[in-house]
Amino acid sequence: MTDTSTKTPLTLLGLGSMGTALARTWLAAGHPLTVWNRTPAKADALVAEGAVVAASPAEAVAANGLVVLCLLDDSSVDSTLAGLDLTGKDLVDLTTGTPADGRARAAWAEERGARFLDGGIMATPSMIGVPEAGGYVFYSGSAALFEAHRSTLGVPAAARFVGTDPGHAALHDVALLSAMTGLFAGISHAYALIEGEDISPKDLAPLLTEWLGAMGFFAGAAAERLVSGDFTTGVESNLAMQVTASATLLRTAAEQGVSAELISPYLDLMRERLTADPAAHGGEDTAGAITLLKR
């Protein structure tokens, strides 16, 4: 039997795939857990694992001081918590949202006498409760709340506090997911290029993994250039050369009958930077093109 006497009790609102995974890890770690879900049947399996099912959001929120939300969207948070007494509660919102959502929800919670943390989950449900999987959660907002519940929040996945601005958890989350989206776009384009050729995707896969890993240095190098404003020192493959070389990427796509729509926006951005002032920008690193995105 797990000793629950020293474990922080908490409430979890929302039992989708992610919410259920979170619930199971807290229960397995011995935390007394009250749960609520709009579809009650989703809580049935958790009862056998020790969860207490609340009949309403009001009952669930009243049960514990620490209240975690993992709902569909920000409007679901509104409808679930509407009219409830949140005085003295510690609200942790793991519902996916934007930085503006996080800031607005923090102000909303403060008006109702609650402390607030916004969270951005960098994991899939199968990674929750599996430390070796590498998942973690960004948190931002009340530093005091985070410190008070750091150990509890760290049970499902590592907890990373990214500042008192309530919008920064979502901003970190979306920044990383946006980078992932671009990476997936490039990988998708690569597989489309070899379709119909005597090259197996299974043979290309390890080459993609190896090459993309080797190119990971760009993240740190670009950060250094953006902070310093120096886009020219130590450049190996300058913007002028990259723009010229990009024509080969586009011709190859055309020859293979593959749309370039997944890579064209980035190539267009580099061309725009070069065309604006070839003499000034031609010798730069490609990171200079990033400055054009803040329109």
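Which element gives the most to the lining of the largest cavity? The model examined here is predicted; local features need pLDDT of at least 70 and side-chain atom pairs count only at pLDDT 80 or more, whereas totals for chains, interfaces and linings use all residues. Residues are numbered from 1 along each chain as its sequence is written, and side-chain values use heavy atoms, with hydrogens and water left out.

The chain has 12 helices and eight strands, taken as DSSP runs (helices H or I, at least four residues; strands E, at least two) and numbered from the N terminus. Its C-alpha trace spans about 65 × 45 × 30 Å along the principal axes. Of the 295 residues, 40% count as buried, that is, under 20% relative accessible area with a 1.4 Å probe and protein chains only. The accessible surface (Shrake-Rupley method, 1.4 Å probe) comes to about 15,400 Å², and 59% of this belongs to carbon and sulfur atoms. Among contacts (heavy atoms within 4.5 Å) with a separation of 6 or more, 60% are between residues 24 or more positions apart.

The structure holds one cavity of 30 Å³ or more. A cavity is a set of points, on a 1 Å grid over the protein atoms alone, where a 1.4 Å probe fits but cannot get out; a pocket is an open set with protein on both sides within 12 Å along at least five of seven lines, and lining residues have an atom within 4 Å of a point. Grid points are joined across faces, edges and corners, and a volume is the space filled by probe spheres set on the points. The largest cavity has a volume of about 50 Å³. Helix H5 gives the most to its lining, with three residues. Residues lining this cavity include Asp74, Asp93, Thr95, Arg105 and Asp118. The lining has no nonpolar, five polar and five charged residues, where Ala, Val, Leu, Ile, Met, Phe, Trp, Tyr, Cys and Pro count as nonpolar, Asp, Glu, Lys and Arg as charged, and the others, Gly among them, as polar.

The largest pocket contains about 2,300 Å³ of space. Its lining comprises 48 residues, with Gly182, Leu212, Met215, Phe218 and Tyr266 nearest the centre. By class, 33 of the lining residues are nonpolar, 12 polar and three charged. Helix H7 gives the most to this lining, with 13 residues. The second largest pocket has a volume of about 560 Å³. It is lined by 29 residues, of which Met18, Cys70, Leu71, Leu72 and Thr96 lie closest to its centre. Helices H1 (17–28) and H4 (74–81), strand E6 and helix H7 are the elements that give two or more residues to this second lining, which has 13 nonpolar, 13 polar and three charged residues.

Helix H7 (residues 168–194) has 27 residues and reaches 40 Å from its first C-alpha to its last, close to the 39 Å expected at 1.5 Å a residue, the expected span being 1.5 Å times one less than the number of residues. Buried residues of H7 include Ala169, Asp173, His189 and Ile194. The buried residues of H7 pack against helices H5 (99–111), H8 (201–214) and H10 (239–255) and strands E6 (115–122) and E7 (136–141). Just after H7, Gly196 takes a positive phi of about 90 degrees.

Thr152 lies in helix H6 (residues 143–153). Thr152 is buried, with a relative accessible area of 1%. Beyond its neighbours within four places in sequence, Thr152 is in contact with Thr8, Leu10, Trp26, His31 and Leu66.

Definitions and conventions: Buried < 20%, exposed > 50% of the residue type's maximum accessible area, 1.4 Å probe, protein only.
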